[in-house]
Amino acid sequence: MEKRLKEIQERAAAILKEMEDEITAERMTELEEEQRKLAEEKELIERKMNVRGRLQSMAPEEGKPAAGPGESDAEARAARVKETGKLEIQVAEVRKSLGVTSRSVTIASGNITTPTGTGNTIRDNTGMISSIVDQVYSQDLTGCAAFEEAYIKTVSEASEREDGKANEASEPTFGIAKIQPVLINVTSYVSRNIQRVNPLAYEEKVKSMAIKALRKKLGMLIANGDGKTFYGIRTAVNTDEEPMYKTYEVDKTAITAGTLREITFQYGGNDELGSNARLFLTKEDLAAFGAVRGTNEKKAIYEITADPGNANTGTIKDGGTIVPYTLMSGLNSLSKAVQGETAVQTMLYGDPENFELGLFGPYSVEVSKDYKFAEGLLTIMGEIMAGGNLVVGDGFVVVTLKAKAA
């Protein structure tokens, strides 16, 4: 089954490459039908492999007694992680786990073990990670060498026509946003005392640390890109190197009573304000919004309310306008920026689902005892292939502090 799965992935990559060239409508129909059949076959193979894995975990190994009550495939996997130091998280599980908010880091001395026993949980005091990873559109692109999304740049325009005369043609124009995989590597160090907890707790903690590291790195990349092939919101371009975002230039760093309204009105077409849009900003800029006061009664202009279940998100209310926000430490603060010779990109405003995050395979995690052995630390290293880009023209507004006039 593994061999056939690899053949399907190779064929998918070949179809993708063929589609880079011009093809007829008839050939396109054939490719669509082949893609549908490959997808169905791939799903069936993966289901068979999952069932086989569960059955194998239930069957006793040769020379060993059958598993007793209470043992499960989760316990078996956890024990293997603890013994081998290797863990592979499939794409579906990575996507599901991107919303994990449990925290994990090196533990303090005495927090986890006592002379009489060990705990089953690992405490943590680190902060939250931006929720932008949960809010963008993610897609499993396993087997693809790259991925292209077509989008509409301009639409056709209708006009009146005189009998007997032909109107000038008005055709829509299209663009292509390309998503290319890059290797993302994260390395963390934790106290080796976590090995003393039971295998299930150990496996879960290693996995949650890997996912947390992935979330943090992906959040930074979604906002800023990597300067190469992973296009962030602030660096998104199409295949013609045209920006996929809209720039809103300001010449002052002060956040005023009209700032929020000015930003929101930059987004969307002439007949809309744009739905599902939210503001991404730093904690410093959120505080600056909260500090704005009226001229007469000196009351706060903006009412800020954090979400009860997620302190990373909330809303900013300005009269009848309510704008959702997400905090992001990886952005520049407009309120603290210094106007210089180059422009400074700061807050972002738009629909996060206009950004597509592609996961090109499973997230592999390896644990080593050797590198930081003398310091009593385990090294946890994870790798994943991922890419991203905006897939809607002017999908975000980037608030930009102008450069000083020459």
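Buried means under 20% relative accessible area, exposed means over 50%, and partly exposed lies in between (1.4 Å probe, protein chains only). The model is predicted, so local features need pLDDT of at least 70 and side-chain atom pairs count only at pLDDT 80 or more, while totals for chains, interfaces and linings use all residues. Residues are numbered from 1 along each chain as its sequence is written, and side-chain values use heavy atoms, with hydrogens and water left out.

**Stop 1: Gln135**

Select Gln135. This residue sits in helix 5 (residues 132-135). Helices (H or I, at least four residues) and strands (E, at least two) are DSSP runs, numbered from the N terminus. Gln135 counts as buried because its relative accessibility is 17%.

Now show its surroundings. Beyond its neighbours within four places in sequence, Gln135 is in contact with residues including Arg278, Phe280 and Thr326. Contact means heavy atoms within 4.5 Å. Between the side chains of Gln135 and Thr326 there is a polar contact of 3.1 Å. A polar contact is a pair of N or O atoms within 3.5 Å; within protein, one must be able to donate a hydrogen and the other to accept it, and residues adjacent in sequence count only if both atoms are side-chain atoms.

**Stop 2: the sheet**

Stay on Thr326, in strand 12: Phe280 stands opposite. Strand 9 and strand 12 (residues 321-327) pair in the parallel sense over three bridges. Two strands pair if DSSP finds at least two bridges between them.

Seven strands form an open, mixed sheet in the order 8-17-13-9-12-11-10. Strand 8 (246-250) and strand 10 are the edges; each has a single partner strand, so one side of each lacks a neighbour in the sheet. From one strand to the next, the twist averages 30°.

**Stop 3: aromatic pairs**

How many aromatic pairs does the structure hold? It holds three. Rings of Phe, Tyr and Trp (its six-membered ring) pair if their centres lie within 6.5 Å; planes under 30 degrees apart count as stacked, over 60 as edge-to-face and the rest as tilted.

Select Phe280 and Phe396. Their pair is tilted, 5.9 Å centre to centre, with 45° between the planes. Phe280 lies in strand 9 (residues 278-281) and Phe396 in strand 17 (residues 396-401), 116 residues apart. Phe280 is buried at 0% relative accessibility. Phe396 is buried, also with a relative accessible area of 0%.

Move to Phe289 and Tyr302. This pair is edge-to-face: 5.1 Å centre to centre, 85° between the planes. Phe289 belongs to helix 8 (residues 283-291). Tyr302 counts as buried at 4% relative accessibility.

Methods:
Axes are lines fitted to C-alpha atoms, for helices over the stretch in contact, and angles run from 0 to 180 degrees between N-to-C directions.
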